[in-house]
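Dear colleague,

Please find the structure below, handed over for your own work.

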Amino acid sequence: MINPLVRGGLPVETGEPEELIERGEGEYLYASDGKRYIDYCSGLWNTPFGYGNPHIQERIREQMERLPFCNLISWTGDLQYEYAKRLCAWLEMGSVLYTCSGSEAIDGAVKAARQYQQMNGSSRRGILAMDLSYHGTTYAAMSASGVDRIEAEPYSPLLPEFYWIKTPEDLYDVSAWLEAVGTCFEAHKNEAAGLILEPVLASGGVIPVPDEAIREIASLCRKYDVLLIDDEVSTGFGRTGTPFIFQRAGIRPDILCLSKAINNGVLPLGALVFSEDLTLLYAKRRASILHFSTQAGNLLSLAAADAVLDLMEDYESYRVAEKGDVFLGKLNEGLSGMEGIDVRGRGLLAGIALPVPADGQNQKLGLLLTRLKNKGIANYYFNNPGYNAGVSFLPPYIATEQQLAAVAERVALQIRRTYGV
Ligand SMILES: Cc1ncc(COP(=O)(O)O)c(C=O)c1O
């Protein structure tokens with residue numbers, strides 16, 4: 001039997017799926033066989049407020065009845081305008097271009113960086129990015145992603161002129177980070193149009209880029225007039241304990257790429273947010289950005305996004321940083337004394353790097369993921385040959401400290417069971 005559903009990035013299958021997920025409530029998912037999972041992936045990192053948030057549902061319902069769609073080429077829908085205004089005021093930025101996904105936002109940012117240089121009479125077209133970054137699967141986003149290069153091979157040629165900042169071997173060595181940033185700029189400053197920063201290399205193994213390195217990147221971008229693109233698709237809207245990492249690090253991106261939690265994952269939406277300076281430059285030149293798709297800025301997606309901004313007004317009450325400390329602390333406690341394991345993360349973005357066998361075969365990781373699932377814990381993994389492999393957790397902000405501690409204990413137990421005492 002052919003399985004009629006192709007899931008992007010996974011092997012094409014025959015046969016029926018093992019189970020179907022039918023329902024979600026709060027932090028739980030319910031399968032057709034009645035099994036319950038605690039969703040510590042928050043969907044695919046995009047449902048931090050859990051399933052069934054009544055405020056989000058109500059806003060979508062109200063918008064659906066009033067006006068579900070507005071053609072942004074011919075008109076401006078009230079919410080399309082008001083949401084852009086609200087988001088820009090909150091972020092202290094200049095303008096918003098809507099997309100349907102994070103990948104599409106990255107593609108738009110790469111275009112804008114090249115166009116920016118062209119508007120300034122420069123021939124620079126290169127893009128600097130991090131060698132363990134993930135930015136999506138459309139062509140520019142895939143070209144900008146340092147991970148999955150082998151998987152990307154069948155789709156070659158990717159876009160030209162992408163150059164990598166090398167992740168230091170010692171992830172905690174700030175001076176090695178600074179050196180890696182400096183080396184990449186030194187080698188490519190004459191070609192670089194833009195730089196894409198992923199401030200926590202999430203798919204790359206949950207590696208927080210040190211704030212000092214983020215600030216060095218921002219300062220070199222200014223020095224060499226390279227457009228700074230901050231990809232906060234996975235970290236944005238509070239995942240790491242502050243609404244956005246750029247705010248905590250004290251930098252000002254030229255372009256901010258958003259998606260995922262922007263509307264709690266209920267409807268497709270992404271956004272490119274431009275700084276005031278960049279907005280004014282485009283306006284002065286009367287230049288347009290040719291990056292458009294029919295559903296970008298869909299009003300139902302925006303109603304949900306606007307509801308998320310309401311929820312973000314109460315962000316402090318979710319205590320994301322404190323909850324992250326509890327979760328990471330309990331994982332560390334449960335895994336103490338084990339060799340070759342590194343627990344790391346920021347806020348409620350957590351990763352556990354696990355030992356990788358010399359032959360690169362990762363049967364133990366597969367076994368661990370199955371065991372966690374059998375214990376009712378939805379999980380996600382990273383596997384970057386030559387770099388790292390492990391499990392990641394992005395619990396929803398609505399998780400309680402007690403529950404986070406209990407799940408961390410259960411996770412540690414399964415890791416001990418799978419990887420030795
Ligand atoms: C940092 C980052 N950027 C971009 C993307 C791509 O977003 P999307 O899957 O919505 O295209 C992702 C998705 O995981 C991501 O984690």
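A polar backbone atom of Gly 102 lies 2.9 Å from an oxygen atom of the ligand; this is a polar contact, that is, a pair of N or O atoms within 3.5 Å. The model is a predicted one, in which local features need pLDDT of at least 70 and side-chain atom pairs count only at pLDDT 80 or more, whereas totals for chains, interfaces and linings use all residues. Residues are numbered from 1 along each chain as its sequence is written, and side-chain values use heavy atoms, with hydrogens and water left out.

Ser 103 places a polar side-chain atom 2.5 Å from a ligand oxygen atom, and Asp 231 places one 2.6 Å from a ligand nitrogen atom. The protein buries 84% of the 390 Å² that the ligand exposes when taken alone (accessible areas by the Shrake-Rupley method with a 1.4 Å probe).

The ligand is surrounded by 13 residues (each with a heavy atom within 4 Å of it); among the closest are His 135 and Lys 260. This shell comprises three nonpolar, seven polar and three charged residues, with Gly counted as polar.

Elsewhere, four strands (DSSP runs of E, at least two residues) form an open sheet of mixed pairing, in the order S1-S2-S3-S15. Its edge strands, S1 (21-25) and S15 (377-378), each pair on one side only; two strands pair if DSSP finds at least two bridges between them. S1 runs antiparallel to S2 (residues 28-31) over four bridges, and Gly 24 stands opposite Leu 29 in S2.

With kind regards

How values were computed
A polar contact is a pair of N or O atoms within 3.5 Å; within protein, one must be able to donate a hydrogen and the other to accept it, and residues adjacent in sequence count only if both atoms are side-chain atoms.
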